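Opening my notebook on a structure I have not looked at before.

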Amino acid sequence: MTAWTEADVPDQAGRVALVTGANSGLGFHVTRVLAGSGAQVILGCRDAPRATTAMEQIQATVPQASLELCVLDLADLDSVTRFSEEVSSRHARLDILVNNAGVMAVPTRHTTAQGHELQFGTNHLGHFALTARLFPLLREGDDARVVTVTSSLHRRGSIDFDDIDAELGYSRWRAYGNSKLANLLFAFELDRRLRATRNATISVAAHPGYAATELSTSGPGLDGRGVRVAAMEAVEQIFAQSAARGALPLLYAATASDVAGGDYYAPRGILEWRGSPAKARATRRARDEKAAARLWELSSRITGVSFDL
Ligand SMILES: NC(=O)c1ccc[n+]([C@@H]2O[C@H](COP(=O)([O-])OP(=O)(O)OC[C@H]3O[C@@H](n4cnc5c(N)ncnc54)[C@H](OP(=O)(O)O)[C@@H]3O)[C@@H](O)[C@H]2O)c1
């Protein structure tokens, strides 16, 4: 079988996409390729100068790119609300939402503006609230897709409903794994609810593999750069694939014609580290419908946002 590449992304002319964390790593390449395929892309980024630089870089290689920046801090639910209102005032519909932004392995327990553990708050709660608030636009989309970016490290996660914000005990990798498990539980639960309400929108999940991005330095470096951050960078240089290749499973989930709701894509190589995008298997824990429903209700209560499906 020939490898699926950027060149296989179908024509996206007329489609409106939104990518969170679009200024860096995977989000940057997803934005670049979607824009190159004709989509109008909204960049949801927290740092306007960094996002502007990314837009200039994309426009340098894709002169016809239709890009638009809107400031979004997923670690602040008020920012999510403002962002969603702004996007809704500018756009009547959304065809692709890529819930990509994320932070990993923050050494000590940090919190969001509303006091939630930073990785759970940014990676899961922020995207939960964002997707709910943008759902009226997705409903107007043309066979709209929500792509939620998870990680094979979801295997390390288990949702502790008695200590959802890790106040009783914090471990950087467990917190990351929990947030990525929450991403998967959310993606699958959203799809079940969309099917039950006969929505045309679908929800899919994607894992990029091991890709060289800012992820291994931004979160781990939050308390200062040390030997551990340098070691992670060194390991990444040896084993990781490029960010552009890491973006392929996300692009496949967002655009390929044979994608169905509830699918999960990852690189097909060993350990899902690299390779062409292929359907992947999520753990039994990620398919736990009771846990997913419980997380959904909890997330709705915490964020104060509910889905109007
Ligand atoms: N790289 C990998 O090997 C790998 C493997 C598995 C899963 N993933 C997942 O892939 C996704 C993208 O990560 P990446 O590897 O591309 O890392 P990255 O280069 O660090 O990009 C992360 C993006 O998320 C943004 N972000 C972080 N916190 C945010 C917040 N509070 N509000 C808005 N945006 C925020 C960052 O913005 P700033 O530039 O402002 O910091 C950046 O644009 C993440 O969900 C990650 O868990 C990556």
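Before anything else, a term: I call a residue buried under 20% relative accessible area, exposed over 50%, and partly exposed in between, using a 1.4 Å probe and protein chains only. Helices (H or I, at least four residues) and strands (E, at least two) are DSSP runs that I number from the N terminus.

What I'm looking at is a predicted model, so local features need pLDDT of at least 70, side-chain atom pairs count only at pLDDT 80 or more, and totals for chains, interfaces and linings use all residues. Residues are numbered from 1 along each chain as its sequence is written, and side-chain values use heavy atoms, with hydrogens and water left out.

**Strand 1**

I checked strand 1 to begin with. Is it buried or exposed? Five of its five residues are buried, so the rest of the structure largely encloses strand 1. In a regular strand, side chains alternate between the two faces of the sheet. Here both faces are covered: Val-16, Leu-18 and Thr-20 are buried on one side, Ala-17 and Val-19 on the other.

Next I looked up its partners, counting two strands as paired if DSSP finds at least two bridges between them. Strand 1 (residues 16-20) runs parallel to strand 2, with five bridges joining them. It also runs parallel to strand 4, through three bridges. Val-19 stands opposite Leu-43 in strand 2, and its bridge partner in strand 4 is Val-98. Thr-20 faces Gly-44 of strand 2.

**Strand 2 and onward**

Strand 2 (residues 40-45) is mostly covered too, with five of its six residues buried. I find six bridges pairing strand 2 with strand 3 (residues 66-71) in the parallel sense. Ile-42 has Glu-68 as its bridge partner in strand 3.

For handedness, I call a crossover right-handed if, with the strands pointing away from the viewer, the path from the first strand over the helix to the second runs clockwise. Strand 1, helix 1 (residues 25-36) and strand 2 form a right-handed β-α-β unit. Strand 2, helix 2 (residues 48-61) and strand 3 form a right-handed β-α-β unit as well.

**Cores**

A nonpolar core, in these notes, is a set of buried Ala, Val, Leu, Ile, Met, Phe, Trp, Tyr and Cys residues joined through side-chain atoms within 4.5 Å. Which residues of the largest one touch the most other members? Of its 40 residues, they are Val-30, Leu-34, Val-41, Leu-67 and Leu-251. Elements that each supply at least two residues of this core include strand 1, helix 1, strand 2 and helix 9 (248-255). Apart from it lies another core of 29 residues, among them Val-16, Leu-134, Leu-138 and Phe-186.

**Ligand**

An N or O atom in the side chain of Asp-73 is 2.9 Å from a ligand nitrogen atom. Tyr-176 has a side-chain N or O atom 2.6 Å from a ligand oxygen atom. For Lys-180, a polar side-chain atom lies 2.9 Å from an oxygen atom of the ligand.

**A loop residue**

Last, I looked up Asp-162, in the loop between strand 5 and helix 5 (172-196). Asp-162 is exposed because its relative accessible area is 70%.

Technical notes
A polar contact is a pair of N or O atoms within 3.5 Å; within protein, one must be able to donate a hydrogen and the other to accept it, and residues adjacent in sequence count only if both atoms are side-chain atoms.
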